[in-house]
Amino acid sequence: MSTTAGLRRIGVRGAGRRTTRRGRTIGVTGGVAIAVLGLVVCFAVLAPLLAPHDPDAVDLSGAYQGSSGTHVLGTDASGRDLLSRLVYGSRTALIGPFLVVAISTLLGTALALAAVWFGGWFDQIVVRVVDAVFAFPGLLLAILATALFGSGLKAATAALSIAYVPYIARIVRSASLRERSLPYIAALRVQGVHGLRIALRHILPNVGGLIVANATLAFGFALMDFAGLSFIGLGVQPPTSDWGATVGIGMAGVLQQHPQEALFASALIVVTVGAVNTLGDRLTERWEARS
């Protein structure tokens, strides 16, 4: 997984911060990315209203139909409507990565703030543990977890959440160390302000933009990891609609010259991940411009 291009402090909240025009906007590409992601989220939330057919309705006599008025994107090997399955598949495609990012960001941020504030031996232990977990690829941990606890969303979510904590913790720790070294932190400590209050009320808000930017980037990587697990049969299990599983199942159709199932699902994954990464890059640039 890639890290952010750089770590720069925002500065003391409300104390003469310089904000450039670039820092106030995410640009046209960022706006397009938000629009694309908003559309995907709408598909997931409004799936029962938008899907023209039951995504699990099997009609073997209508297998591999082409595009028509009844089936806009055609049907799969079981005669199920592809558009309906892709619309419903957006739910499982988003919920897993969202849970991974939420859990790993919460744990990684808390761990990083605690390490920065207490320092000393506690910080060294956190760094060693983070480095140890960082050495294992997230996808490999997820495969091991599914092998031990069975295939499905829960095991994959738990394993990837643990694997993503080091990425968040490393970046937040670096930014928080810089923030902690600023004079206003020393002034607050001299005034007797409690360490927990300083961490939550001052350090955390001032590195919040970086946390959001990296959580956004992590979402894209998590989406790819979940799609990969479903593709090899260790993630979301059929007949539940899922983009990664649809690509895996659709590979048989590719060999039979019916590539639409794998093609459409792959395109949705690529477009969504591209939009997420674009938005993450724009948020990172916005953070850097506000230094």
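Biologist: Which residues of α1 meet α3?
Modeller: From α1, V40, V41, F43, A44 and V45 meet V87, S90, R91 and L94 in α3. Contact here means heavy atoms within 4.5 Å. Helices are DSSP runs (H or I, at least four residues), numbered from the N terminus. This is a predicted model, where local features need pLDDT of at least 70 and side-chain atom pairs count only at pLDDT 80 or more, while totals for chains, interfaces and linings use all residues. Residues are numbered from 1 along each chain as its sequence is written, and side-chain values use heavy atoms, with hydrogens and water left out.

Biologist: At what angle do the axes of α1 and α3 cross?
Modeller: Roughly 105 degrees, and the axes come within 7 Å. Those axes are lines fitted to C-alpha atoms, for helices over the stretch in contact, with angles from 0 to 180 degrees between N-to-C directions. The two helices are therefore roughly perpendicular to each other, a label for angles of 65 to 115 degrees.

Biologist: Staying in α3, is S84 buried or exposed?
Modeller: S84, found in helix α3, is buried, with a relative accessible area of 0%. Buried means under 20% relative accessible area and exposed over 50%, using a 1.4 Å probe and protein chains only. S84 touches A51, P52, H53 and P55, leaving aside residues up to four places away in sequence.

Biologist: New topic: how many residues are in the largest nonpolar core?
Modeller: There are 37, and L160, Y164 and I269 have the most contacts inside that core. A nonpolar core is a set of buried Ala, Val, Leu, Ile, Met, Phe, Trp, Tyr and Cys residues joined through side-chain atoms within 4.5 Å.

Biologist: Which helix gives the largest share of this core?
Modeller: That's α9, with 10 residues.

Biologist: And what does L160 touch?
Modeller: Not counting residues up to four places away in sequence, L160 touches V100, G138, L139, A142, D225, F226 and L229. A second, separate core has 9 residues, including I168 and W287.

Biologist: Which residues of α5 are buried?
Modeller: G138, A142, A145 and T146. They sit on the same side of α5, because they cover an arc of only 95 degrees around the axis, taken from the directions from the helix axis to the C-beta atoms. On the other side of α5, A147 and L148 are exposed.

Biologist: What do the buried residues of α5 pack against?
Modeller: They pack against α6 and α9. Just after α5, G150 takes a positive phi of about 100 degrees.

Key: Parallel < 35°, antiparallel > 145°, perpendicular 65-115°, else oblique.
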